[in-house]
Structure formats: C-alpha cells, structure tokens
Amino acid sequence: MVQKKICLMGSFSVGKTSLIKRFVNSLFDDKYHTTVGVKIDKKEMSIAGTDLTFVIWDLAGEDDFASFRPVYLRGVSAYIIVIDGTRPHSLDIALKIHHKSQVITGGVPVVFALNKYDLVDQWMLKNDSLEVLQCFNSPIIKTSAKTGEGVDDIFYQLGLQLLPSDSM
Amino acid sequence: MSAVDKCFTTDHDDRVVMPPHSLVTDTEDNKYTLTSNRPSASSQAPIKLADNDLETLRAILLGDDYDELITFKENAQNHYKQSESIAKVVSEALAIRSTQDNSVAETLAPTIQKALTRSIASDPKPIADALYPVMGPAIRKSINESLTQMLDTFNQLLEQSFSLKSILWRFDAWRTGRSYAEIILLKTLLYQVEEVFLIHHEDGLLLQHASLESVITQDGDMVSGMLTAIQDFINDSFAVEEGANTGLNTLRLGELTVFIEHGPKAVLAAVIRGKPPESLRQLFASTLEDIHRQHIDDFNQYNGDSSPFDCSQPLLEDCLKVQKQKRKTNLLPLFILLALLASAAVYWGYSKYQQVEQQQQEKLAEIKRSEKEGQQWEKVVRTLRLESGLIVINAEKGQYENEIEVLLDPLARQPSQVVSNLTTEKPIVFITRPYLSLDDAIVLLRAKQTLRLPAEVNLVVENSVLHVSGEASVSWANYLQSDWKQVMGLQQLNIEKLHTYDQNLPVINALKLEIERSKVSFDKNKAELSQIANGHIKTVSRSINKLIRLAKQSNKGLEIRLIGRADHSGTEMFNQQLVLQRTVNVKWALMLLSVPESLFVNALPLSKQTKNERSVRYQVILSDQ
Ligand SMILES: Nc1nc2c(ncn2[C@@H]2O[C@H](COP(=O)(O)OP(=O)(O)OP(=O)(O)O)[C@@H](O)[C@H]2O)c(=O)[nH]1
Ligand SMILES: [Mg+2]
C-alpha cells in the first residue's frame, strides 16, 4: 500500500475542511468551525488499478491572524489549493500560497479546486481571472462540498499525477 | 564471515608466509612434472640466452600448446585462480558426494558446530537475528495468551468486588469504553507501552505500527500524521534547529506520555500509559538505530510504500513493554476481596446456623407448646381431682374446647374457680352434677355451716372426726353435743380441747347480789306484810325466777334461805315467833309469785341477833352440780 501525504491549502473559510469531510465521510455541515492548526484524515482510493492511501492534511486557512506555515509541507506528495468562487480575494491568496509551496516542495503536483460551485448566483470569478491559474498547467476543478460535485475528481486528478510513471 | 571462509583464509595465510624462491622451486617442480615429456627444456637451461630469444624459441617449438601451458601454469601458481576453478565445481561435487554417502555431513558437522560456537561467542547478533523471526512471534504469542488469561482471571475475580476504588475504576471503564479488567490492569500498572509508531521523518507517513492487542487504537496513519504535525508546529514555532534527536521528544496527555525519538530518516514515537522511566528511551533509541541500519536502502528508495518496513514489526513489538506495579499494591484489592469473601462466608454460615437454630427452636417450641398444652390440660384435671367436694367423672379434649364433667358438692368451689389461675389453650366447658361429699374439708364446711359456731371455737375434721377446740359457752357445748350428728359425714366428736365457760354466771352473781341486798321491812311487833313489803317481794320474786332459770341453764344448784329479824325490844321468844311468822309470810308471798317451795331451805336458828331491825332478808345459795 502506497501512502501519500496531501495538503489542502487556501484562504480561510473556502471549504477545505468541508471538501475533506465530503470526500472522506460523504457528509456536509452548514456550520463553520474554523480549523486550528492541522487536522489529519485518511482515505484509500484505487486509481488506474493502483491502491493509494491519501493522508490528508487539512491546514488552517490563511487569514489575518494565522499565516501560511511552510513546515507542514514537509514530505508532501501533492497539494490542493482551494478557492472560494464567491470570494475573489481567495484567488489572490491561492496564488500567493501556490508560489511559496512550489518553492518549498520543489514543484510537486497540484490541483486547484474552485469551491462552492453550488452557489452559482453568487459566483464572482470571471473567466479571465482563471486564465492565471490555467498557466500552471494543473487541473482546475469546479467543486461543491455541499452537493459533492467534483470532490472525488480532485483526488482522482491528484492521484493520477502521483502514480509512478511505469504504471501509467 | 563463515567457518569455511576462515578455513580457506588460514590455508592461504600459510602459503603467503613461504619465501618467494621456494615458491618458484615449487613451480619448477610442477613445470617439470608437467613437461616431463620434453627433457630438452631443462637440459637447455644452462645455455645463456636472452629471455626474449627463449620465448620466441618456445613459441616456435610448442606453438599454441605453449600458450595453454603457460595459462595452466599461471593458474596453478595463482591460488586465487585455483580456488576459483575449484569453486566452480565445489557445490556440485558436494552434491554428488552427498547422494553417494553421508561423508560430507559427517566431515562438516564438527566444523560447523565449532564455527557456530565461535561465531556466537564472538558476536551473537547475526545468529540471534536469524532466529528472531521464529522466536519473536512464538514469544509474543505466549505473552499475549497469558495476558489474555490474566485479564480473564482479573475479570472473574474482581467483577463482583466492590470498593470505592473499584467504583471509580468502573466509572473509568465506562468513561473510556474499556473493559473493567483492562482498567484494573492499567491502574495496577506502573507503565505500559501501548503503541509504537515508526514515522517517516519527512512526510510524517506511518511506516510501521505496533500496539498491544488489548489496546484500542486510533488509526495509526492519522495519529502519526498528527504527531508529525505537532512536532512540525513546535519546531516551526520555537525555531528548533533541524537535525536528528532534536525537537519535541516528550508529549504528555493526561495518563498518556508520548516518547519521541528522532532519527535522520524516521521518528519512533511510543505511546505509554502510566509513568515511564527515562531508561525506556534507550530501548527506543537503539530500536530506531537498528531500523535505520537495516533499512538504509529502503529509506533512500522510499516513495510512500511502507511494505519494506514490515520486517521491523518485531523490533517495534519489542518496545511494547508492560511493567506491573509491585505486588504489594496489587494485593490490596485481593485482600479486600478475600476479606469480603470471608465475611460473606461467615455471614452465610451464621445466617444458615441461625436458620437451623431457628427451625430447631421452632420445633422445640412446637413440642413445648403441645407439651405445654398437654401439661396444662393434665394440670387442670389434676387440680380438679385434688379439689375437695369435686369429682371429675369425665374429661375430654375437643377440637375447639375441652369438656369436663364433674360431681360437685354444693359446698365445694366451682370448678372454673378452682382452675381460674391456670391457663389453657382452649376454653373448658364444665358439666356439674350435685352430690354430697364426705371429704373432710367439705364435711368441715358443712359442720361450720350447720353448727352455729361461737367465735372462739375451732373445728377440724380429720378422718370424719370433728375436733372442736377453743372456748365456748356451756350452752353451746351442750348444743354441740346434742346436734353434731346432724352434720353429714361426721363419725365422731372430740371436745377435749374445748374449754367451756358459763355465760350466765355474771348475771347470776349480779342477781344474787341484788336479791341478797334487798329486804322486806316490817312494822314494830308486826308480822303482816305491808303494802310496800308486798311490792318489794314482787320485785324480788322476778329476780328469783330469773335466777332460777339461769341457775338451771348453768347447772347450778339454787337455794334460797329466808332470814327474818326482829328488833331488840321484845322478848326473845316473842321475837322468835315474830321472826318465824314474818319469814313464813314472805315465803308464802313468794310462792304465790311462782317461786317454787322446794327452793327454800329452812332458816337457820338465829343464834345471836346482830342486827337490830325488823326484816326478812334473802340468802342465795348456789352450788355446782
Ligand atoms: N454552499 C456551500 N457552502 C460551503 C461549501 N464548502 C464549504 N461551505 C461552507 O463554508 C463554510 C466554511 O467551510 P470550512 O470547510 O470550514 O472552511 P475551511 O476552509 O476549512 O475554513 P478554515 O478551517 O477556517 O480555514 C462552512 O459554513 C461551510 O458549510 C460549498 O461547497 N458550498
Ligand atoms: Mg478548516
């Protein structure tokens, strides 16, 4: 069994914890309990015939009080950056985090999640602002922790990038 | 290094010690032997030729064979090459020989034995390591089994015991979701290494995990992640220098302590319940070192696959130490238990004893009761039988009441009265029939009732004889003597002890005095009774008649003498005549008043007239008859 450490990052309240809860427990909660420090979860997944165990680190979102802690990225195999589609500012923060993480990790795979896609009417991200993300050549997935849309896909896309090249 | 290796090495060393020229000589011999079919070669030796010329000549003479020969010679000279050629066939040779006979095993056995002994003596580790996979699980299995057994015993022993401590422990068990026995085990433990995590230093992924079977564990992957995150956080927050054995090495969470040993590639975290001694760290550190040594390549090639580290499981399990507390503290609950058991036994025994005792007493009481009932009944009947004037003619015990039929003298006590102070279980109904009893007591009663007893008289009836004692009037005595036979049941009268007295005597004496004081007076020289005299005689006659009656009652003889007197005037004769006349007149007058004539006695002749009076006086003479 191959295990992989995965980190979820992004601004606060973008839905990192919710996405993991949906992915691991198939549950969703409307209430907001901000994550303090790190929360760790685990989920096994079979991708292209290979069994993977994701050990998922849910990092506290970056806000005015808690800033991004690179130390948690030690040994990370890949990471997910979550952006709240109803808050354009979360994209700015995502870019900042992504930049730092690439330097620290030496360029591990990444997936961008545009979360809260169920709230289309409040959607604030314009297509041209997404072009910046597209430059990184990494999967960008529209997700909703509430409906479950795209959630498994994030991890699937991530898993694909993590598979040893000979098994692909 | 194997024993066989050693053997070869020794051999080789011996050769090396030889001087080079002897080696050459040796080789020459060989060559000679090998090339014995061309003696010219050796005979040519003294010819002094240049080496090159000789070579050329040899090549011309021997052609290709010469090269082969040279190679062969070199091979023979070089021991390594010789060994190499033997090595090519040695195992096959051994295999072939083994199929033929046992000589290989027999030859090698002592050598191998010696080699093993030496190997263990110099360094036991390789052999121990080799045996470990076999021994480890067997030992662990037996430990696990005995632990489980112990838990079961603890459960049985202490499940029912109670004390404040055990209640608290039960609460703890309920709180933590552990079994009660487990809690007890934990409380009696000094410490217990419950889980050991081997965590990759970089990504915090779990490489290997070992835990006690009795312990409920969280998901190891998540715990190791969390442990790593905590360390990361601390290292990050407090700017601890990166490197082996730096950073967080102890975590305390309530009863749990986490010892963390850092290695260059991995971290070993041990979760310990209780109070672990620092010395445990040495065990963890050396275990981590061993793992690093064994898995250098695995660490370098690590890509998230933990399977290469599976073989470190026994080493981790070795770290799961359980240290019990000293027996002393362990014995306390046992003592309490024993004490409880003992007191329970005593109580049981006591209550059982009491039960038996009570039963016995109840039986006894029952017996006593029926006995008592019987006794009571008997006593009633016996009492009745002893009673005078009462004859029990039938006594029957009934279901609800008892019936007694008696003959009862009218003077006897009622039977119910006789037994009134005796209690009986059931009421008694008496049937009485009248009869006259001849019992002395009843006869006595009858006598008392019949004979009008004066106060000072005592009666006793004995064997139908009436004994009368005390004092009674003569008249009553007379009455008794005439009437005692009227009392039924009396055969005889005994009045020896009855003192009689005359109740009339005082009256008699008083009357006598009264009569004798009175006198009939006469006129001078006259014998005729004056009117006053007649009146006076009338009064006296009444007293005399009374006295006559009383004297008769008291059995006294009564006589009355009339004494006449005259005054001193007159002559004596005259006076005598006069006195006589006067006396007769009184006598006649009294006789007329019903005083019997027989009562009077003749008056004595007056010898000397002492009194100078004209009278007749009375003298009352009483005599006992
Ligand atoms: N409608 C909708 N709400 C979401 C979605 N995902 C998360 N939320 C809500 O957004 C809030 C924040 O979600 P969290 O998952 O706690 O966000 P987070 O990124 O973990 O926040 P921090 O831990 O503080 O960094 C919660 O109230 C969630 O219910 C989504 O896909 N749709
Ligand atoms: Mg969160």
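A:Thr17 is partly exposed, with a relative accessible area of 27%. A:Thr35 has a relative accessible area of 15%, and it counts as buried because the cut-off for that class is under 20%.

Around this site, chain A has 4 helices and 6 strands. Along the sequence they follow the pattern β-α-β-β-β-α-β-α-β-α. Of the 168 residues of chain A, 50% count as buried. Take the contacts in chain A between residues at least 6 apart in sequence: 72% of them join residues at least 24 apart.

How far can the coordinates of chain A be trusted? The mean pLDDT of chain A is 88, and 95% of its residues reach 70 or more. Within chain A, confidence is highest in strand E5 (residues 110–115), at a mean of 95, and lowest in helix H3 (residues 127–134), at 82. As a rule, where pLDDT is low, the predicted coordinates should not be read in detail.

The strands of chain A form an open sheet of 6 strands in the order E2-E3-E1-E4-E5-E6, with mixed pairing. E2 and strand E6 (140–142) of chain A are the edge strands, each pairing on one side only. Direction ignored, neighbouring strands of this sheet are turned by 25 degrees against each other on average. In general, strands of a sheet pair through backbone hydrogen bonds, either parallel or antiparallel.

A:Ile80 in E4(A) stands opposite A:Leu8, and the bridge partner of A:Ile80 in E5(A) is A:Val111. Further along the sheet, E5(A) and E6(A) pair in the parallel sense over 3 bridges, with A:Leu114 opposite A:Lys142 in E6(A).

Helix H2 (residues 89–105) of chain A packs on the sheet and touches E1, E4 and E5 of chain A; its direction makes about 170 degrees with that of E4(A).

Which residues of E4(A) are buried on each face? In a regular strand the side chains alternate between the two faces of the sheet. On one side of E4(A) are A:Ala78, A:Ile80, A:Val82 and A:Asp84, on the other A:Tyr79, A:Ile81 and A:Ile83, and all of these are buried. That accounts for 7 of the 7 residues of the strand.

Chain B also meets the sheet of chain A. Helix H11 (residues 220–238) of chain B lies across E1, E2 and strand E3 (50–59) of chain A, running at about 140 degrees to E2(A).

Chain B has an open sheet of 4 strands, in the order E13-E16-E14-E15 with mixed pairing. Strand E13 (519–521) and strand E15 (600–601) of chain B stand at the edges with a single partner strand each, so one side of each is left without a neighbour in the sheet. E13(B) pairs with strand E16 (residues 615–624) of chain B in the antiparallel sense over 3 bridges, and B:Ser521 stands opposite B:Ser615 in E16(B). Helix H20 (residues 531–553) of chain B packs on this sheet, touching E13, E14 and E16 of chain B, and its direction makes about 160 degrees with that of E14(B).

The length of H20(B) can be checked. At 1.5 Å a residue, its 23 residues should span 33 Å, and the end C-alpha atoms are 34 Å apart, which agrees. The buried residues of H20(B) include B:Ile537, B:Val540, B:Ile544, B:Leu547 and B:Ala551. In an α-helix there are 3.6 residues a turn, so residues three or four places apart point the same way. The buried residues of H20(B) pack against H19, E13, E14, helix H21 (572–592) and E16 of chain B. After H20(B) comes B:Asn555, with a positive phi near 55 degrees.

Methods:
Residues numbered from 1 in each chain as written. Chains lettered and ligands numbered in written order. Predicted model: local features only at pLDDT ≥ 70, side-chain atom pairs only at ≥ 80, totals over all residues. Heavy atoms only, no water. Pairing = 2+ DSSP bridges. Helix = DSSP H or I, 4+ residues; strand = E, 2+ residues; numbered from the N terminus. Contact = heavy atoms within 4.5 Å. Axes fitted to C-alpha atoms, helices over the stretch in contact; angles between N-to-C directions. pLDDT = per-residue confidence, 0-100. Expected span 1.5 Å × (residues − 1). Buried < 20%, exposed > 50% of the residue type's maximum accessible area, 1.4 Å probe, protein only.
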